[in-house]
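Please look over the sequence and the three-dimensional structure shown here before reading the report that follows.

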Amino acid sequence: MNSEETSRFQTAAEQARRNFDEARRRFDSAGERAGPYLKKAAGALTGIRGWCSRHLPGGEKTLWIALGLILLVLFIWAILPGSDTSQAGRSGMGGPQPVGVATAANGDIAVTLNELGTVTPLATVTIRPQVSGQILRFAIQEGQMVQAGDLLAEIDPRSYRAALDQAQGQLARDNAALANTRLDLKRQQALYAAKATSQQALDTQAALVKQNEGAVMADRGNVDAAAINLGYTRVVSPVAGRVGIRQVDVGNLVSAGQTSGIVVVTRLEPISVLFTVPEDNVGEIISRLNTGDTLTVEAYDRSQTAKIATGHLSAVDTQIDTTTGTVKLRALFDNAGGELFPNQFVNVRLLVSTLRRQVVVPAAAIQRGAEGTFVFVVKPDHTVAMRTVTTGKQQDDRIAITKGLNAGETVVTDGADRLHDGSEVTIPSGQKVAKVAPAENATAPPATARSGRRGGSFALFRKLTPAEHDQVCALSREDRRAWLTSRRDELMKRPDQKGGEPCGGFGGGRPPGPP
C-alpha cells in the first residue's frame with residue numbers, strides 16, 4: 001500500500017469515527033427527552049393493573065380478553081360483505097322503490113339462425129403450363145383483376161411455331177400426292193371401261209387413293225395439334241377474378257403438368273359463404289325455398305357488431321352430416337366492393353321467417369322463478385303486479401310475449417329483484433304509465449311465488465349449496481345479481497338447500513311480507 005492509499009484510508013476511518021460519535025450523542029439525547037413520557041406510561045400501566053386487580057374477577061387477564069374480543073368484532077364488521085349496503089337497503093324498504101320501466105309494444109320479431117361460416121370463392125384456379133418452355137413475359141401485375149380470356153403470361157413459342165410449319169408442310173405434300181393418285185384412278189377407270197386394263201390395276205389404284213387420303217387426314221390432325229400447342233404458349237385466364245402472387249419469374253423454364261402453378265386466379269364477384277345449420281331447422285328452410293321465397297343472409301364480423309354484407313341463400317346440401325347432425329348451406333353475396341375475402345371466418349345470420357305484430361318487451365323484463373316465467377306490470381297507481389307470461393321467439397334484446405300481456409302495458413326492466421306483488425315503485429321522470437286492460441289470458445303467479453322470499457331472486461338463495469352461498473355473498477351487489485341471473489334456470493331445477501338465506505345487501509334486504 002503506497003502513501004496516498006494510506007492517507008485515504010486514515011481519512012475514511014476518521015470520518016466513520018466522527019459519524020459514530022454523532023449518532024451516539026443523538027441517541028442519548030432522545031433517551032433523555034423520552035424518559036418523562038416512559039415514566040408516565042409505566043405509572044398509568046401500573047394504575048390500570050391495580051384497578052383490574054381490585055374491580056375485575058380475573059384481574060388484568062380479563063381486561064386483555066375483553067380488548068381482544070372488541071378488536072375481533074370490529075374486524076368482522078369491517079370485512080363483512082354488504083354490511084353497509086344491507087343496512088341502507090333495509091332502511092329504504094319502507095318507501096317506493098326506484099325502477100326502470102319499458103312499454104310493451106306491437107312489433108315484428110325476426111326468426112334467425114346465427115351460425116359460423118367460411119367465405120368460399122366460386123372458382124379458384126391454379127394456372128399450370130400445358131407446354132414446356134421458357135417464360136418470356138408476364139402480361140399482368142400481382143393482385144390485378146382480370147377477365148376470362150385475358151393473357152397472363154407467354155412461353156417461348158418458336159419451337160412450337162416450327163412444329164406447326166413442319167406439320168403444314170407434310171400436309172401440303174400429302175395433299176399433292178392424293179391429287180395425283182386421284183387423277184391416276186380416273187385414268188384407270190377409263191381404261192377399264194375400254195377393256196384396256198385389268199381389274200387388279202384398277203383396285204390397286206383405288207387403294208392407293210384411300211391410303212393417301214388417310215395420310216392427309218393424319219397430317220391435318222398433326223397440324224391441329226401443333227396449332228393447339230402453339231396456342232398454349234399464351235397462358236390465358238379461364239375465369240374472371242383476381243390474380244394472386246406469382247409462383248415463378250420471367251426466364252424460368254416450366255414444363256407441362258408441373259405440380260406448382262404459375263399463378264392462382266380467384267373469382268371474387270360473386271362470392272359464397274359456406275355454413276351449417278342444425279338438422280332440426282332444415283325442414284322450415286326447405287319449405288320456404290320450395291315456395292320460391294328468397295331467404296336473406298347477413299354476414300357479420302367476428303364480434304357480431306358490424307354487418308359486412310347482405311346476400312341470399314342459394315343452395316342446401318343433399319345430405320346430413322351424421323357426425324355433427326348439421327346440414328351445409330351456401331349463401332351468395334355480390335361482393336362488388338370486396339368486403340368478403342376468401343377463407344375469412346364470418347358470423348352468418350339467416351333470416352328464416354318474420355313474426356308479425358307480436359307483443360314485444362325487452363328481455364330484461366322477463367323474470368324466472370320456481371313457478372315459471374313472469375313480469376312485474378306497473379299499474380297507474382305506481383304499484384306492481386306479478387304477471388305470469390308465456391315467452392316466444394327472441395331477437396337480440398327483444399322478446400315476444402305470446403300470452404299474459406297486452407301492448408301498451410308498462411313492465412319493470414331494472415330493479416325487479418327488490419320487488420314483490422303490490423310493491424310501490426317510482427319511475428324515471430318523463431315516463432308515464434298508461435291505463436291498459438290486462439290480457440284476457442293474464443294470470444298472477446301462485447301465492448308461493450308472490451310472498452316474501454319465495455318469489456324473485458330470493459327463491460334462488462334456497463337452491464345454493466353452502467359453498468355457492470359463501471361465494472355469492474362475497475360478491476358486490478351488482479355482481480351478485482348478475483351471477484344469480486345467469487344461473488337462474490339451472491338453480492330452479494335443484495331442490496331447496498338447508499340454510500339458504502339471502503345475504504346482506506342483495507336486493508336491498510329481505511322484502512316485506514310473511515317469512
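## An aromatic pair

Phe374 counts as buried because its relative accessibility is 4%, where buried means under 20% relative accessible area, exposed means over 50%, and partly exposed lies in between (1.4 Å probe, protein chains only). Phe376 is likewise buried, with a relative accessible area of 3%. The structure is a predicted model, in which local features need pLDDT of at least 70 and side-chain atom pairs count only at pLDDT 80 or more, whereas totals for chains, interfaces and linings use all residues. Residues are numbered from 1 along each chain as its sequence is written, and side-chain values use heavy atoms, with hydrogens and water left out.

The structure holds 1 aromatic pair. The ring centres of Phe374 and Phe376 are 5.7 Å apart and the planes stand at 85°, so this pair is edge-to-face. Rings of Phe, Tyr and Trp (its six-membered ring) pair if their centres lie within 6.5 Å, and planes under 30 degrees apart count as stacked, over 60 as edge-to-face and the rest as tilted.

## Charges over rings

The charged end of Arg246 sits over the ring of Phe138, 4.8 Å from the ring centre, and that of Arg349 sits over the ring of Tyr300, 4.4 Å from the centre. A charge sits over a ring if NZ of Lys or CZ of Arg is within 6 Å of the ring centre and within 35 degrees of the ring normal.

Helices (H or I, at least four residues) and strands (E, at least two) are DSSP runs, numbered from the N terminus. After H4 comes Lys195, whose phi is positive, near 55°.

The buried residues of H4 are Tyr160, Leu164, Ala167, Leu171, Asp174, Leu178, Thr181, Leu185 and Gln188, and what covers them includes H5. In H5, the residues Leu202, Gln205, Val209, Asn212, Val216, Asp219, Val223, Ala226 and Leu230 are buried, with a cover that includes helix H4 (158-193) and strand E8 (234-236). An α-helix has 3.6 residues a turn, so residues three or four places apart point the same way.

## Nonpolar cores

A nonpolar core is a set of buried Ala, Val, Leu, Ile, Met, Phe, Trp, Tyr and Cys residues joined through side-chain atoms within 4.5 Å. In the largest one, of 30 residues, Leu152, Val243, Ile262 and Val265 touch the most other members. Two or more residues each come from strand E5 (133-138), strand E7 (151-155), H4, H5 and strand E11 (263-266). Another core of 23 residues lies apart from it, with Val119, Val273, Phe275 and Leu295 among its members.

## Two loop residues

Ser423 is found in the loop between strand E22 (410-414) and strand E23 (425-426) and is buried, with a relative accessible area of 9%. A polar atom of the Ser423 side chain lies 3.0 Å from the backbone oxygen of His420.

Ala240 is placed in the loop between E8 and strand E9 (241-243), where it is partly exposed, with a relative accessible area of 29%. Although Ala240 and Ala148 are 92 residues apart along the chain, their C-alpha atoms are separated by 4.7 Å.

Definitions and conventions:
Contact = heavy atoms within 4.5 Å. Polar contact = N/O pair within 3.5 Å; in protein donor to acceptor, adjacent residues only side chain to side chain.
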